[in-house]
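Thanks for coming. I have one model to go through today, and I will take a single residue as the way in.

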Amino acid sequence: MTAFFSLVLISYLVILAAAIRGWYSVRSSHLESDEQKRMMTVVIAFRNEEKVIHHLIHSLKNLNYPKDILEVILVDDHSEDNSFNVVESLIYDSPNFKVVSLSEGRAGKKAAISQAVEVAKGEIIVTTDADCQVQVNWLDRINDAFKNDTTNLVFGGVKLTANKSFFSSLQAIEFTSLIGSMAAAIGLGSFIMGNGANLSFRKAAFQYVKGYEGNAKIASGDDEFLARKIMKAFPSSLYFNNEAEAVVSSRPIISLKHFISQRIRWASKWKYNAFSTSGATALYVILVQLASVSVVISLFRVREGMLLLLSILVVKLLLECWFLFKVSAFLQSRWHWVAFLVLQFIYPFYVLGIGIVSQVGLYTWKGRRISN
């Protein structure tokens with residue numbers, strides 16, 4: 001069994017090397033400035049965000065993009081707090097902003113985005129999350145990404161802005177790995193995951209693939225399912241925006257309970273991806289974590305082959321550090337050495353635990369009880 005897990009880790013080293021190559025491929029591509037400005041509609045679905053959404057709205061109001069070709073639609077997903085009134089009070093002086101309530105009988109982020117897209121004036125639809133902040137040239141860099149008429153969907157970088165807590169630093173490192181993996185896969189001409197906090201797509205492409213039809217009732221995956229449908233309909237039309245000005249900032253989750261609920265929600269779509277690249281990747285990640293735990297245990301139980309096992313773990317550590325440090329530098333996310341090293345020990349157990357729990361039972365998100 002140890003020999004099998006050692007082979008799994010060796011294959012993982014090869015994949016890590018490929019990921020580094022994919023990342024450099026993404027970073028080496030040049031995004032040309034486009035003088036033609038396209039009509040943009042920024043869509044934000046929100047629920048129970050009265051305490052944080054003002055940060056996003058202020059950053060959107062400061063965007064360096066022509067107001068006459070910019071529309072912002074905020075869709076309230078049946079908030080149970082004062083979010084709607086808070087948003088209304090923040091946008092009263094911005095005629096190109098509007099807040100609407102999600103229609104009765106519809107619920108969830110996909111429904112909210114779909115409702116906004118139905119009435120959007122923009123050629124390009126841009127989505128982010130209510131707990132994010134954007135940079136002043138965010139839309140300019142997204143506009144540049146659509147200069148090529150064959151581009152139909154663009155993902156951008158997202159960083160977690162760690163505060164003084166060690167828990168937030170752990171989240172920032174882990175989140176960096178997700179963004180790096182997404183970008184590296186795109187650089188290699190593949191797709192394994194996405195992030196709706198910095199996603200843009202052509203309205204025409206969304207309508208052509210009929211939006212979220214076929215997966216609308218799945219709580220998560222507004223980014224991944226849409227990207228996969230658009231890629232199937234329009235091959236080679238997906239792009240990762242490698243401009244630093246296109247990076248969006250998000251906030252770490254304060255409580256461990258809410259963090260676990262979020263990760264369970266993200267992982268809950270794995271079973272719907274079972275026969276896709278994303279599903280295979282998720283299963284492989286779980287296998288790698290099992291192998292990591294097994295090999296570490298073997299170091300204390302056997303002497304034969306100990307040098308080989310130790311060498312595999314050291315190379316794994318160095319390659320992961322190299323990859324994550326480069327991605328972190330691009331995102332301008334604060335690097336935390338202790339958090340990186342601690343994550344090496346707890347990550348296998350975290351992934352295995354989330355992977356198991358996400359496929360069974362209930363979880364709570366934004367005040368809703370969701371069944372898998």
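Is Phe325 buried, partly exposed or exposed? Phe325 counts as partly exposed, because its relative accessibility is 41%; buried means under 20% relative accessible area, exposed over 50%, and partly exposed in between, with a 1.4 Å probe and protein chains only.

Before going on, the ground rules. This is a predicted model, where local features need pLDDT of at least 70, side-chain atom pairs count only at pLDDT 80 or more, and totals for chains, interfaces and linings use all residues. Residues are numbered from 1 along each chain as its sequence is written, and side-chain values use heavy atoms, with hydrogens and water left out.

Now the chain as a whole. It has twelve helices and twelve strands; these are DSSP runs numbered from the N terminus, H or I of at least four residues for helices and E of at least two for strands. Of its 372 residues, 54% count as buried. The accessible surface is about 17,400 Å², and carbon and sulfur atoms account for 61% of that; the areas are Shrake-Rupley values with a 1.4 Å probe, and for residues only the protein chains shown count as cover. Taking contacts between residues at least 6 apart in sequence, 82% join residues at least 24 apart, where contact means heavy atoms within 4.5 Å.

Back to Phe325, which lies in helix α11. That helix covers residues 306-331, 26 residues, and spans 37 Å from first C-alpha to last, close to the expected 38 Å; the expectation is 1.5 Å times one less than the number of residues. Just after α11, Gln332 has a positive phi of about 60°. Phe340 is 15 residues from Phe325 in sequence, and their C-alpha atoms are 9.8 Å apart.

Next, the strands. Strands of a sheet pair through backbone hydrogen bonds, either parallel or antiparallel. Here two strands pair if DSSP finds at least two bridges between them. Strand β6, residues 153-156, has both faces covered: Leu153 and Phe155 on one side, Val154 and Gly156 on the other, are all buried. β6 pairs with β9 (residues 238-241) in the parallel sense over four bridges, and Leu153 has Leu238 as its bridge partner there. With β8 (residues 199-202), β6 pairs antiparallel over three bridges. Phe155 stands opposite Leu199, and Val154 opposite Ser200. β8 is also covered on both faces, with Leu199 and Phe201 buried on one side and Ser200 and Arg202 buried on the other. Strand β4 (residues 124-127) runs antiparallel to β8, joined by four bridges; Ile125 has Phe201 as its partner.

There is also an open sheet of three strands, in the order β5-β10-β7 with mixed pairing. Its edge strands are β5 (132-133) and β7 (158-160), each pairing on one side only. β5 and β10 (residues 248-250) are antiparallel over two bridges, with Cys132 partnered by Ser250.

Last, the largest nonpolar core, which has 103 residues; Leu60, Leu74, Trp138, Leu139 and Phe155 touch the most other members. Such a core is a set of buried Ala, Val, Leu, Ile, Met, Phe, Trp, Tyr and Cys residues joined through side-chain atoms within 4.5 Å. Leaving aside neighbours within four places in sequence, Leu60 is in contact with Val42, Ile44, Val72, Phe97, Val134 and Trp138.
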